[in-house]
Amino acid sequence: MAKKATFSSKIGLIAATVGSAVGLGNVWRFPAETQTNGGAAFLFLYILCLLILGVPVMLAEFALGRGSKSDAVGAFIKLKPKTPWWLTGGLAVLASYLILCFYMVVAGWTFEYLWQSITGNLYAVDLSREGMEASFHAKMESYICADWAPLINLYVLIVVNILVLLCGVQKGIERLSNVLMPMLFLLLLLFCGVSLSMPGASEGVKYFLHPDFSKINASVVVNALGQAFFSLSLGMGILITYSSYFPKDTKLTKTAMTVSMLDLLVAILMGIIIFPAVFSFGLNDADLRGATLVFVTLPEIFAQMHFTQLWSILFFLLLFVAALTSTISIAEVSVAWLQDRFKKSRLSATLIVMLPLFLFSSLCSLSFGSLKNFKIMGMTIFDFLDNLATNIFLPVVSLLVCIFVGWALKKDFFRKELTNDGTLKGRWFPIINFVVKFIAPPLIFLILLSFFIKF
């Protein structure tokens, strides 16, 4: 049997795990949620949820992965053989693959905008104040809603992912993360400096950091829980898979806190970038929402700055890095499963996972073009997969993980993993264990319930 792959350094381990967590949700979901739900009041709730829910559930997944040294399905089989618990891992693998199908499309969009920024074509539009918004909306339509151009970028991203995955854990995932994650943070800091130097930036910072507690209600609390939940990639099998590559002496609690705080830092830095820039150029709340923020509002802002093309290239490079590290980590869940469960080679497993995306992701892409009228339960293919995976499968998986670690396994399993078989003090273990057993399950159930109520 081949020796289990491991990360070769603590820096590589952190870089890869942070890369798996940091994604486009930090970029376009967090500013919109903050703007809608009370500014710093939402930020405060988000931080609480990250610590109360995110870190303990992350530790539960870390314990499963490192404790079993197996994939998302194999972890449950090894720790609780001859029981149906393996279905939890199976659901995680399925959820991650469904997410990969549509997330690869979004990654393709970021590559398109990076390329169009490099060539300068993105700004070959009417740059008058009145015509810019319509011009960039038209650009977004042509880059995202056409049939063929988005497919080309999608296929480029699939090939890039294949090449990285074929290089393996150390030479592929870890090596790329060691380069891309420092680059991402450097770009974020650079943009923070630029944004804060703009006229009127202080108003944007004040808007971001001023709490409006009057907007806090049960729905906002659930939104904060959901943002913390999804921003850490809980329930996808990623953390179980990556932690199976952790060396045995890895301090899981310290690693979880480091990853969570760096993920939080990315979200806060994006707020510092977005809000001052939007306020400086007199844009409104509607400009902070979703794809419009990234593909219309920010190009509008860059067009009014000196060195337009440079800032545009650097920003969409940042976005591309976040998307690429996410797609690679999501794909690795299925690749590891095929390698461990079916003894496939790295080459075979990678091709089995990635080649079908040429079809499945194409259908997601075309749901913005020629297939936009094809509906599943009233939703496009893209939106249906998004809602099914992120709003149903991920909360269910995380709920089952908490029940499995907190109640189904032997009581000393979780303690041994968090204390490295008693070599660490584990002073926080009683609190973490209490949260996993009694606090996280009902909170996760609230997230799941809120989706069905809205739906």
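Phe-44, Leu-48, Leu-51, Ile-52, Phe-213, Met-257 and Met-261 make up a nonpolar patch on the surface of this predicted model, with about 600 Å² of accessible area together. Patches take residues with over 30% relative accessible area and no salt bridge; like charges are joined within 9 Å, and nonpolar side chains (Val, Leu, Ile, Met, Phe, Trp, Tyr) within 5 Å. Accessible areas were computed by the Shrake-Rupley method with a 1.4 Å probe, and for residues only the protein chains shown count as cover.

Helix H3 gives the most to the patch, with four residues. H3 and H12 each supply at least two. Helices (H or I, at least four residues) and strands (E, at least two) are DSSP runs, numbered from the N terminus. Phe-44 is found in H3 and, at 47% relative accessibility, counts as partly exposed. Buried means under 20% relative accessible area, exposed over 50%, and partly exposed in between (1.4 Å probe, protein chains only).

Residues are numbered from 1 along each chain as its sequence is written. Local features need pLDDT of at least 70, side-chain atom pairs count only at pLDDT 80 or more, totals for chains, interfaces and linings use all residues, and side-chain values use heavy atoms, with hydrogens and water left out.

The model has six salt bridges, each defined as a side-chain nitrogen of Lys or Arg within 4 Å of a carboxyl oxygen of Asp or Glu. The table lists three of them.

| Salt bridge | N to O distance |
|---|---|
| Glu-417 and Arg-66 | 3.0 Å |
| Lys-248 and Glu-417 | 3.5 Å |
| Arg-346 and Glu-332 | 2.7 Å |

In the bridge between Glu-417 and Arg-66, Glu-417 lies in helix H18 (residues 411-418) and Arg-66 in helix H3 (residues 40-68), so the pair ties together parts that are 351 residues apart in sequence. Both ends are buried: Glu-417 has 6% relative accessibility and Arg-66 has 1%.

Glu-417 also forms a salt bridge with Lys-248. Lys-248 lies in the loop between helix H11 (238-243) and helix H12 (252-280), so this pair ties together parts 169 residues apart in sequence. Lys-248 is partly exposed, with a relative accessible area of 45%.

Arg-346 and Glu-332 meet in a further salt bridge, which links helix H15 (residues 346-354) to helix H14 (residues 308-342), the two residues being 14 apart. Arg-346 is buried at 15% relative accessible area, and Glu-332 is buried at 0%.
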